[in-house]
Amino acid sequence: TERLSRPEKMPKLLRKEATTLTPELLRDMEQKLSEIKVPIPGDPPHRTDDTIDIANLPPSYKVNTPREEQLLQVADNFSRQYSHLCPDRVPLLLYPLNECEVPKFVSTTIRPTLMPFPELYNWDTCAQFVSDFLTMMPLPDPLKPPTHLYSSTTVLKYQKGNCFDFSTLLCSMLIGSGYDAYCINGYASQDLCLMDLTREVCPLTVKAKEVVHAEEKAPPKKYAIKPPRDMTSRFEQDQEMKRQEEIKTAEEKQLREEEERLMEAEKAAPDPLHGLRVHCWVLVLSGKREVPESFFIDAFTARSYSTQDSHFLGIESLWNHKNYWVNMQDCWNGCKDLVFDLGDPVRWEYLLLGTDKPHLFTTDDEDDGINDDDDDVENLGKEDEEKSFDMPHSWVEQIEISPDAFETRCPNGKKIILYKRAKLEKWAPYLNNNGLVCRLTTYEDLECTNILEIKEWYQNREDMLELRHMNKTTGLNTDYFKPGHPQALRVHSYKSMLPENDRVMEFYQSARVDGLIKREETPKTMTEHFQGRPDFLSYRHINFGPRVKKLPLNSAESNPRPIVKITERFCRNPAKPADEDVAERVFLIADERIQLCYHCRNDHITASKREFLRRTEVDSKGNKIIMTPDMCVSFEVEPMEHTKKLLYQYEAMIKLKSEEKLSRHQAWESELEVLEILKLREEEEEGHVLTISIYDTKRNEKSKEYREAMERVMHEEHLRQMETQLDYLAPFLAQLPPGEKLTRWQAVRLKDECLSDFKQRLIDKANLIQARFEKETQELQKKQQWYQENQVTLTPEDEDLYLSYCSQAMFRIRILEQRLNRHKELAPLKYLALEEKLYKDPRLVELLKVFA
Amino acid sequence: MNRLCQSMEPRVMDDDLLKLAVAEQGPREEAGQLAKQEGILFKDVLSLQLDFQNILRIDNLWQFENLRKLQLDNNIIERIEGLENLTHLVWLDLSFNNIETIEGLDTLVNLEDLSLFNNRISKIDSLDALVKLQVLSLGNNQIFNMMNVIYLRRFKDLRTLSLSGNPISEAEDYKMFVCAYLPDLVYLDFRRIDDLTRELAEIKHQYTIDELKHREELTQAQWEEAQAQKEELEAHKAAFIEHLNGSFLFDSMYAEDVEGNKLSFLPGVGELLEAYPFKDKFVIICLNIFEYGLKQQEKRKMEIDTFNECIQEAIQENQEQGKRKIAEFEEKHLLNLSAIRDESEMPVIEMKIVECGEDITQLFNVLMTLEMQLVEQLEETINIFERNIVDLVGLFIENVQSSWCTMAQCRDLESHHHEKLLEISINTLEKIVKGELDEDLPDDVRALFVDKDTIVNAVGASHDIHLLKIDNREDELVTRVNSWCTQLVDKIHTDEIMRNRKRVKEINQYVDHMQNELDNLEFGDILD
């Protein structure tokens with residue numbers, strides 16, 4: 001084979017001298033270390049062969065094709081040369097056994113497949129699916145690659161696998177969706193190998209960093225005024241700055257020390273097998289699918305890592321569906337220094353010649369893109385001659401995931417992942433009857449005992465609840481809703497569901513008629529914020545006093561708390577002059593006072609104010625005082641004549657009084673609404689109805705019933721049609737002895753009989769119509785005769801009766817005549833049609849052929 | 001009714017009548033008592049009803065400045081008059097009177113509802129000022145010409161019209177005609193116009209209406225064009241270079257120049273003009289000046305805009321600061337006041353009151369300092385701006401007067417032309433003297449060639465007139481630019497002074513009010 005034709009390259013592969021350990025020492029140590037048994041925590045679910053039903057597997061799983069055999073020989077040869085030339089390196093993973101105990105080359109186990117789900121088109125969602133869908137099993141021997149590598153179909157069926165199974169499946173999916181992906185056999189940290197995320201921060205808890213936009217400072221304009229002269233001392237400022245900085249650095253130092261201490265505490269005990277644990281993960285090379293930079297994906301956790309990440313400690317080999325490469329670079333520094341230029345034969349020793357990565361990356365690849373295409377075209381021709389051997393097609397059946405399984409995702413629709421100070425639980429939609437799909441519990445300590453907060457994500461809830469955030473330290477619950485809640489609720493944060501407690505409700509303002517955005521409550525106050533109201537109200541604050549008396553519990557009347565003060569603020573109404581546009585209105589209900597504060601004019605710094613005393617008093621004579629100048633104290637920016645008038649003030653006060661009443665009513669309504677919302681929320685929590693999309697044919701009971709009913713109707717219709725197709729030969733066949741084969745004579749007779757019978761029927765029918773026709777005509781004639789005889793004595797009513805009878809009779813006669821004519825026309829045609837049908841009848845066709 | 005009233009003595013709209021009406025129609029009950037106590041000023045009245053008063057002449061209404069609604073129906077009024085001051089009027093009812101012509105409504109631009117029902121009007125006109133008119137009632141009058149309806153097309157908001165009881169409403173085509181010519185009308189003679197009628201009317205009168213529309217559009221277009229031209233001219237005037245974008249100046253030079261026009265008949269002058277296209281060159285120079293002027297105008301405008309923007313920003317910021325200070329003060333002051341009210345011991349109260357007084361004084365000082373600071377800053381900026389704008393104007397004038405694309409060039413051109421013309425004239429004279437001239441000259445031109453002095457004088461006079469025109473134009477430009485500049489600077493200064501005074505007044509007023517309030521409190525406490 002071609003492998004033998006260039007053995008002179010092999011010596012170059014010996015690179016391990018660079019390490020400080022001699023091969024002997026290393027081997028020795030390896031042996032010693034392999035004796036150390038690591039107790040695997042828990043009882044890992046072991047997949048044993050007897051659980052796999054191999055009987056139904058297709059033949060490609062059970063035998064090797066000649067080409068595969070040839071490939072195995074090549075691989076065997078390669079392996080022998082490799083062990084000869086690199087005696088200090090571990091044997092390669094080339095052809096592990098599959099589920100049927102047949103050796104299969106690793107590349108052929110990769111079956112590139114594009115999944116029919118648009119969600120699985122990108123690498124991140126693919127990886128997430130694989131990690132969710134399969135249950136992780138540790139390698140039987142953490143220091144050696146497995147002896148068996150099952151097909152992805154089997155792995156998907158049983159929903160569990162080791163890192164090699166995970167990576168093979170993910171690699172198949174990624175290559176299928178166009179990525180340049182490879183499986184890597186190498187060494188990784190303990191955390192990765194055991195899928196231990198407890199030292200990782202949960203990605204859901206990481207807050208997105210706020211991008212601080214540097215505010216662009218406009219260049220000072222030509223006539224910008226100069227700032228007033230600064231009289232403060234520069235020296236003092238400097239000193240102050242220095243002092244501040246010192247304090248800051250000290251604080252920072254302390255913080256850093258604290259952090260370091262924490263980090264130290266979190267660090268795990270050093271792993272005795274560090275660097276020896278075998279792991280398999282996926283490499284995605286840059287280039288295809290607009291991947292800007294090569295990266296690793298750990299198939300267990302679906303996380304992506306840079307190729308320099310310290311979790312990855314070395315690479316033995318890597319492969320895709322076309323070829324197999326052995327790493328010839330030194331891994332003393334993990335994967336940090338590796339170059340993933342698979343076209344470089346010095347760094348990567350390939351197994352098969354001439355597959356797709358033959359070029360070295362050239363430094364001046366200016367016309368790389370264009371040339372690639374040309375090369376491909378050229379290579380098409382060359383490939384046949386040059387390439388002595390091509391990778392055989394994958395032996396694995398097409399990878400299929402049913403929509404059901406895709407939706408359920410995790411095995412049994414459930415998965416729990418432990419992170420550092422966090423626990424993430426996932427469920428399939430509709431699995432929990434309250435719509436819960438995800439729960440993230442955050443803990444205070446590393447041992448996960450003290451709960452800090454819980455976040456629960458919901459789906460398909462009819463009350464549109466999307467996320468519930470429970471803070472255990474403050475006891476504050478926050479519910480987030482999607483648009484569509486009956487009360488337009490957006491956010492609801494509360495400590496208790498009892499009314500008149502601390503609570504904040506935010507609303508989808510566009511869905512509300514009153515433009516309410518937010519309502520905050522404390523036991524004594526209620527604050528409402530509005531937007532976009534035609535009366536420009538933007539804010540209302542209500543202070544409540546203590547309840548005056550206790551009503552009996554069972555009374556139906558509500559007992560609202562007395563209102564002490566209502567503060568309302570308004571936006572500027574551009575249609576009114578500033579002096580008449582109220583900015584703030586305070587009803588001091590207990591004091592019987594009303595304070596008004598107007599908007600400030602554009603070129604002013606003071607605003608008008610007015611205060612009304614609405615006390616009604618009686619003067620010395622016992623008359624009611626309507627209005628006195630001291631009942632209205634006002635400050636006006638520009639004093640106006642008409643506002644000084646008592647009449648004006650009186651009218652203003654009357655208006656305010658009615659508005660006060662209105663505001664109080666609105667406050668009361670707000671209180672009622674809160675009660676209503678709370679009640680509704682409680683009902684929704686109890687009921688937790690889930691919505692089902694009308695497109696969800698499986699779950700939507702209604703549409704299912706409808707569909708089934710439709711099917712039933714269709715079926716019945718079909719049956720009825722079957723029945724109506726009567727057998728015209730049946731009465732004649734019945735006369736013949738049953739079970740006997742028809743003779744030709746019988747057939748002819750049968751046909752003739754049938755035809756003559758039909759002829760008779762046609763004649764009978766014609767006669768019948770004729771008879772009716774005659775009868776009708778006779779009757780008419782009789783009637784006419786009778787009429788002529790009795791014409792003189794007839795009353796007008798009788799005459800009318802006679803006339804109507806005549807017209808009806810004439811109508812009947814005409815119809816009968818028409819029918820008769822039509823029958824005469826059609827009868828011969830019908831007769832011929834039957835004759836032809838009889839000739840074609842399957843029972844007679846053979847026997848009548850001769851005569852036809 | 002009318003007849004009945006006529007039998008009585010006509011009443012005069014005097015003060016008593018009006019007072020009575022106002023009092024009767026004023027507020028009721030408690031408010032009425034207050035109104036009685038204080039008396040109602042005529043200018044505060046919003047609506048006035050004066051029906052069935054047998055009034056002959058509208059009078060004495062000038063005080064009702066803010067009147068919105070006036071009812072003068074069922075009187076014997078013969079002329080619409082005395083309504084000039086009621087510019088806020090929205091609703092005017094003059095039905096059942098004896099009015100013969102529509103007049104005296106030219107100032108009522110806010111009028112929306114006008115009723116002239118049952119009068120003696122024969123022609124609809126003089127309503128041009130009523131641009132907001134929505135309801136017009138002209139029933140029971142003597143309008144006989146259908147063309148009156150076309151007059152109503154100009155009221156874009158007119159929705160309700162009544163014309164029944166007029167001679168025109170007798171016409172067979174009346175309804176269709178009105179519907180067709182007033183397509184926006186909704187109610188005619190108290191009835192809603194249905195869509196079918198409207199459609200029919202439209203079809204029936206389509207041609208005439210299309211023609212009418214076409215004419216209206218044409219006039220509209222003409223008007224717009226004239227307006228645009230006017231605006232352009234205004235813009236040029238603002239740049240002080242109006243009429244320089246063409247041959248206006250050149251033409252005006254020859255407009256009053258009798259001799260020059262005569263001389264142009266001389267042989268050779270035609271060739272001279274051809275060889276040296278005097279007019280073309282002149283116009284080119286004018287155009288140069290024009291463009292330069294526009295550019296300069298742009299520059300000045302930008303300068304002013306930036307200046308205004310900066311000044312506004314500074315003032316805004318200062319105001320914000322002031323507002324903040326006041327808000328801070330008010331918060332503290334309110335607390336203090338309530339503390340004083342709650343306090344019972346006299347010395348403590350006095351001490352607190354003194355404290356409050358100090359707070360007020362401090363606020364006053366702070367606000368005044370802010371204001372003074374702003375004044376200083378603004379003054380500096382204004383001075384810079386003034387210098388810049390004066391420089392800019394100076395540069396403009398200098399360039400127009402004496403640089404490359406300028407009046408000086410015009411003058412040179414003219415002098416050159418003058419020399420050539422003189423030469424030709426003298427040549428011609430010589431020829432005439434020698435009797436060599438073969439061409440016929442008009443008699444009045446020939447009259448110039450009596451002797452050398454006459455012809456030189458004539459040519460000189462023409463030259464002088466030309467130069468005078470150029471000088472005048474230049475002077476006009478310079479004076480106007482200069483006066484504009486002075487006015488601008490003056491205005492900025494006065495504005496700033498006004499602003500300052502207003503602010504100081506405002507601050508004083510506020511502080512006085514606060515102090516008063518405090519004093520009152522003191523006073524009240526002492527009384528207690």
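Which residue lies over the face of A:Phe544? In this predicted model, that residue is A:Arg561, which is placed at 3.9 Å from the ring centre. A second contact of a charge with a ring involves A:Lys783, whose charged end sits over the ring of A:Trp786, 5.3 Å from its centre.

A:Phe296 belongs to strand β5 (residues 295-298) of chain A, while A:Phe340 lies in the loop between β8 (324-327) and β9 (348-350) of chain A, so the pair ties together parts that are 44 residues apart in sequence. A:Phe296 has a relative accessibility of 0% and therefore counts as buried, and A:Phe340, with a relative accessible area of 12%, is buried too, because buried means under 20% relative accessible area. Both phenylalanines are members of one aromatic cluster, which A:Phe296 and A:Phe340 form together with A:Trp281, A:Tyr305, A:Phe312 and A:Trp348.

The last stop is on the surface, where A:Trp668, A:Leu672 and A:Leu675 form a nonpolar patch that has about 240 Å² of accessible area together. A:Trp668 is found in helix α12 of chain A, which comprises residues 646-687. The relative accessible area of A:Trp668 is 33%, so this tryptophan counts as partly exposed, a term for values between the limits of under 20% for buried and over 50% for exposed.

Conventions: Residues are numbered from 1 along each chain as its sequence is written. Chains are lettered from A and ligands numbered from 1 in the order in which they are written. This is a predicted model: local features need pLDDT of at least 70, side-chain atom pairs count only at pLDDT 80 or more; totals for chains, interfaces and linings use all residues. Side-chain values use heavy atoms; hydrogens and water are left out. Patches are made of residues with over 30% relative accessible area and no salt bridge: like charges are joined within 9 Å, nonpolar side chains (Val, Leu, Ile, Met, Phe, Trp, Tyr) within 5 Å. Accessible areas come from the Shrake-Rupley method with a 1.4 Å probe; for residues, only the protein chains shown count as cover. A salt bridge is a side-chain nitrogen of Lys or Arg within 4 Å of a carboxyl oxygen of Asp or Glu. Helices (H or I, at least four residues) and strands (E, at least two) are DSSP runs, numbered from the N terminus. Buried means under 20% relative accessible area, exposed over 50%, partly exposed in between (1.4 Å probe, protein chains only). Rings of Phe, Tyr and Trp (its six-membered ring) pair if their centres lie within 6.5 Å; planes under 30 degrees apart count as stacked, over 60 as edge-to-face and the rest as tilted. A charge sits over a ring if NZ of Lys or CZ of Arg is within 6 Å of the ring centre and within 35 degrees of the ring normal.
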